[in-house]
Amino acid sequence: MSDENAGFEEKPDVPADGTPEETEAADSAAQAEGAAPAGDATDVALLAQLDQARTALSERTGDLQRLQAEYQNYRRRVERDRITVKEIATANLLSELLPVLDDLGRAREHGELVGGFKSVAESVESVVAKLGLQQFGKEGEPFDPTIHEALMHSYAPDVTETTCVAILQPGYRIGERTIRPARVAVAEPQPGAAPAGKDEEKKADEESGGPEAG
């Protein structure tokens, strides 16, 4: 059998009506046509996975932003509470020292702060000032019931509104927190008294011979 085929080369089967080149081109086209649908399906799957990844990333980013906002709010609350607790503790401590400061003020008014006693008084006042304690209350300022406590009341012709005419005890505050209101004596305008501006106008009319005739 081998002898019969000796000297002959095997040739691929080709269609009767086509050359080998045409057959190869036809096979390549068929393979391309068969591969195209598979490539499209792969692209669609990749796009779907990409969309899912983008959606997941967007959700995780939103979760992270909400978590950061909650953390910042928590930090602000903690800091605010810390400051409040510190102010309350400081206010409670300084409230116990207010009688001492009152005694020092009275001693200063009577000229008794001399020598070593004066140095001690100044040291105490310096320490409480560093802790944020502020004194308030002055004669002649308008009466404010939110920071003043009226212990004495009178009428005066030279005031146009309720006025603090004497400071019986100064008030103290820390920041916006009032530890003790200023205890004052107040004076109100005389009942039925005309405002100062009208009194001056009336006096000027009398000096000029009365108001001009209309």
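This is a working chat about the predicted model shown above.

Colleague: What are the ground rules for this model?
Modeller: The model is predicted: local features need pLDDT of at least 70, side-chain atom pairs count only at pLDDT 80 or more, and totals for chains, interfaces and linings use all residues. Residues are numbered from 1 along each chain as its sequence is written, and side-chain values use heavy atoms, with hydrogens and water left out.

Colleague: How many helices and strands does the protein have?
Modeller: Four helices and six strands. These are DSSP runs, numbered from the N terminus: helices are H or I with at least four residues, strands are E with at least two.

Colleague: What pattern do they follow along the sequence?
Modeller: α-α-α-β-β-β-β-β-β-α.

Colleague: What is the strand order in the open sheet of three strands?
Modeller: The order is S1-S4-S5, with antiparallel pairing. Two strands pair if DSSP finds at least two bridges between them.

Colleague: Which are the edge strands?
Modeller: S1 (133-136) and S5 (177-180). Each pairs on one side only. On average, neighbouring strands of the sheet are turned by 35 degrees against each other, direction ignored. For that angle, axes are lines fitted to C-alpha atoms, for helices over the stretch in contact, and angles run from 0 to 180 degrees between N-to-C directions.

Colleague: How many bridges join S4 to S5?
Modeller: Three, with S4 covering residues 171-174. Tyrosine 172 has arginine 180 in S5 as its bridge partner.

Colleague: Which residue forms a salt bridge with arginine 180?
Modeller: Aspartate 102, with the closest N and O atoms 2.8 Å apart. The pair links distant parts of the chain: arginine 180 sits in strand S5, aspartate 102 in helix H2 (residues 20-109), and they are 78 residues apart. A salt bridge here is a side-chain nitrogen of Lys or Arg within 4 Å of a carboxyl oxygen of Asp or Glu.

Colleague: Is arginine 180 buried or exposed?
Modeller: Buried, at 9% relative accessibility. Aspartate 102 is buried too, at 8%. Buried means under 20% relative accessible area, exposed over 50%, partly exposed in between (1.4 Å probe, protein chains only).

Colleague: How many salt bridges does the structure hold?
Modeller: Eight. One of them joins glutamate 125 and arginine 108 at 3.0 Å, N to O. Glutamate 125 is in helix H3 (residues 115-130) and arginine 108 in helix H2, 17 residues apart. Glutamate 125 is partly exposed at 27%, and arginine 108 is partly exposed at 40%.

Colleague: And which residue meets arginine 60 in a salt bridge?
Modeller: Glutamate 59, at 3.6 Å, N to O. Arginine 60 is exposed at 52%, while glutamate 59 is partly exposed at 45%.

Colleague: New topic. Which residues touch the most other members in the largest nonpolar core?
Modeller: Leu94, Leu98, Leu101, Leu133, Ile174 and Ile179, out of 13 residues. H2, H3 and S4 each give two or more residues to this core. H2 gives the most, with six. A nonpolar core is a set of buried Ala, Val, Leu, Ile, Met, Phe, Trp, Tyr and Cys residues joined through side-chain atoms within 4.5 Å.

Colleague: What share of the protein is made up of buried residues?
Modeller: Buried residues make up 15% of the 214 residues.

Colleague: Last one. Which residues form a nonpolar patch on the surface?
Modeller: Tyr71, Tyr74 and Val78, with about 320 Å² of accessible area together. Areas come from the Shrake-Rupley method with a 1.4 Å probe; for residues, only the protein chains shown count as cover. Patches are made of residues with over 30% relative accessible area and no salt bridge: like charges are joined within 9 Å, nonpolar side chains (Val, Leu, Ile, Met, Phe, Trp, Tyr) within 5 Å. Tyrosine 74 lies in helix H2 and is partly exposed at 47%.
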